[in-house]
Amino acid sequence: MSAVQLVVRNALWGKKKVDVLVARGRIAALAPAVRKTRVDGAEEFDAGGLALLPSLTDCHTHLREPGFEYKEDIASGLDAALHGGFSNVMCMANTSPVNDNATVTELMLEKARSAHPGGPRLYPVGALSRGLKAEELAPLAELAQAGCVAFSNDGLPVPSAEFFRRAMEYAWDQGRRVIDHCEEPSMNPGAGMNEGPVSGRQGMTAQPDVAEAAQVARDILLADYLKIPVHLAHISCRRSVELIAWAKERGAPVTAETCPHYLLLTEERAANYDTAAKVNPPLRTGEDVEALLAALNSGVIDILVTDHAPHAAHEKEVEFDRAPCGISGLDTALSLTWDLVEKKRLSREAFLRAWTTGPCGIFGLPVNRFQVGDPADFLLFDPAARWEVTPESLRSKGKNTPFLGSRLRGRVAAHFLGGKKKV
Ligand SMILES: [Zn+2]
């Protein structure tokens, strides 16, 4: 026990009072608090009965650097992640220049290390195609070697099934999987509004949920045929959930994610042309929300991600059709989804899987299960804290969230990374 550097006392793990012991940046023990372990020379921290959670992992963010630093940069994005409870953050390749070569990947990693040397850790996702144009494959081997943990054309669909198949094969040769942004490109891509009675009433350009499901079906069939894994990004509707359930039943190597906003909001939120609720894929119906929650609880949907997509205020303050898609999510994701656990809409087990073991398992990232030797990345969470979402309360430069003005429940009170208190 002499190497123990930190003891966090009196934390609540589920319903149990525990002490967390940390040695050399790793978990040394999770001990019942009643034992009052005496550890000489270690720093002591009283958790005061707050909830203990492993740090979360977000596999889908847009940190905008290089090229769009007025929306977000790697330093501010990781700051939002740190205060939002995340230790691992994957960032998409639709920067300028696009992350389709090792120079950009290395620049991203260097920015992360210099701004946040103790974490959160950044894991870039490399572009699947040069310039995200879906014409020519990006140099996936070079990108993997530089540190890209997955590949994606996120933001833009890949129209050609043959191109996508080659990309899956080449990525898997590098031990990486493809994350697909599923959108049938001939059906009003990026409309940001669900096609149905609401869009009809308002006369809005809209996209049907089959635009997503059609690409989901293609990807599932390819994964099943090739026996190569594919990961489906930001699933938003019941039709896709049913296809994924079918794929998993027959053992196709398919994993899938959804985002907090698809579990909490419907198309009605965008009915008044509110650009804060314009997101791609669009917010769907109440029936879709129920299907997604059931799928997340059962494991048909594997993980949660934020799809953190910060934009500047002036970009969203335009007509709905001209506004960019996206919601700033790193600051609010934990509070929003923990509230679903409190309301018994989401099980605690599914919450933990969706934000920790699930994503780390799929993409091979370090995870804390509170077992001896795990990285000592954990939070003390105050479920009783109340806070209002205001532009000032968000660490991200992106204030574009439909939850602005909401009073949320639960907040990160302390965040330890590698056993060091960062928040
Ligand atoms: Zn996307």
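Predicted model: local features only at pLDDT ≥ 70, side-chain atom pairs only at ≥ 80, totals over all residues.

Ser76 is found in helix α1, and, leaving aside its neighbours within four places in sequence, Ser76 is in contact with Arg395, Ser396 and Lys397. Helix α1, which covers residues 74-84, also holds Ile74, and Ile74 is buried as well, with 27 other C-beta atoms within 10 Å. Apart from neighbours within four places in sequence, the contacts of Ile74 are Leu63, Glu65, Met108, Lys111, Ala112, Ala115 and Leu122.

| Residue pair | Separation along the chain | C-alpha distance |
|---|---|---|
| Ile74 and Lys111 | 37 residues | 6.6 Å |
| Ser76 and Ala115 | 39 residues | 8.9 Å |

**The sheet and its helices**

Helix α1 belongs to a crossover: the chain passes from β6 through α1 to β7, and this β-α-β unit is right-handed. Strand β6 (residues 56-61) is largely enclosed by the rest of the structure, because 6 of its 6 residues are buried. Strands β6 and β7 (residues 86-91) run parallel and are joined by 4 bridges, with Thr57 standing opposite Asn88 in β7.

What is the order of the strands in the open sheet? Its 8 strands follow one another as β6-β7-β8-β9-β10-β11-β12-β13, and the pairing is parallel. The edges are formed by β6 and β13 (303-304), each of which pairs on one side only. Within the sheet, strand β8 (residues 121-127) pairs with strand β9 (residues 150-152) in the parallel sense over 3 bridges, and Gly126 stands opposite Phe151 in β9.

Helices lie across several of these strands. Helix α2 (residues 102-115) lies across β7 and β8, running at about 165 degrees to β8, while helix α6 (residues 210-226) lies across β10 (178-180), β11 (230-232) and β12 (254-258), running at about 160 degrees to β11.

**The nonpolar core**

The largest nonpolar core has 120 residues, and those with the most contacts inside it are Val20, Met90, Val125, Leu232, Ile244, Val254 and Leu292. Helix α12 (residues 348-363) supplies the largest share of this core, with 7 residues. For Leu232, once neighbours within four places in sequence are set aside, the contacts are Asp180, Cys182, Val216, Asp219, Ile244, Val254 and Ala256.

**The protein as a whole**

The protein contains 12 helices and 16 strands, and 53% of its 423 residues count as buried. Among contacts with a separation of 6 or more, residues 24 or more positions apart account for 74%. Along its principal axes the C-alpha trace spans about 65 × 45 × 45 Å.

Note on methods
Residues numbered from 1 in each chain as written. Core = buried A, V, L, I, M, F, W, Y, C linked by C-beta atoms within 7 Å. Buried ≥ 20, exposed ≤ 12 C-beta atoms within 10 Å, placed from the backbone. Helix = DSSP H or I, 4+ residues; strand = E, 2+ residues; numbered from the N terminus. Contact = placed C-beta atoms within 7 Å. Pairing = 2+ DSSP bridges. Right-handed = clockwise from strand over helix to strand, strands pointing away. Axes fitted to C-alpha atoms, helices over the stretch in contact; angles between N-to-C directions.
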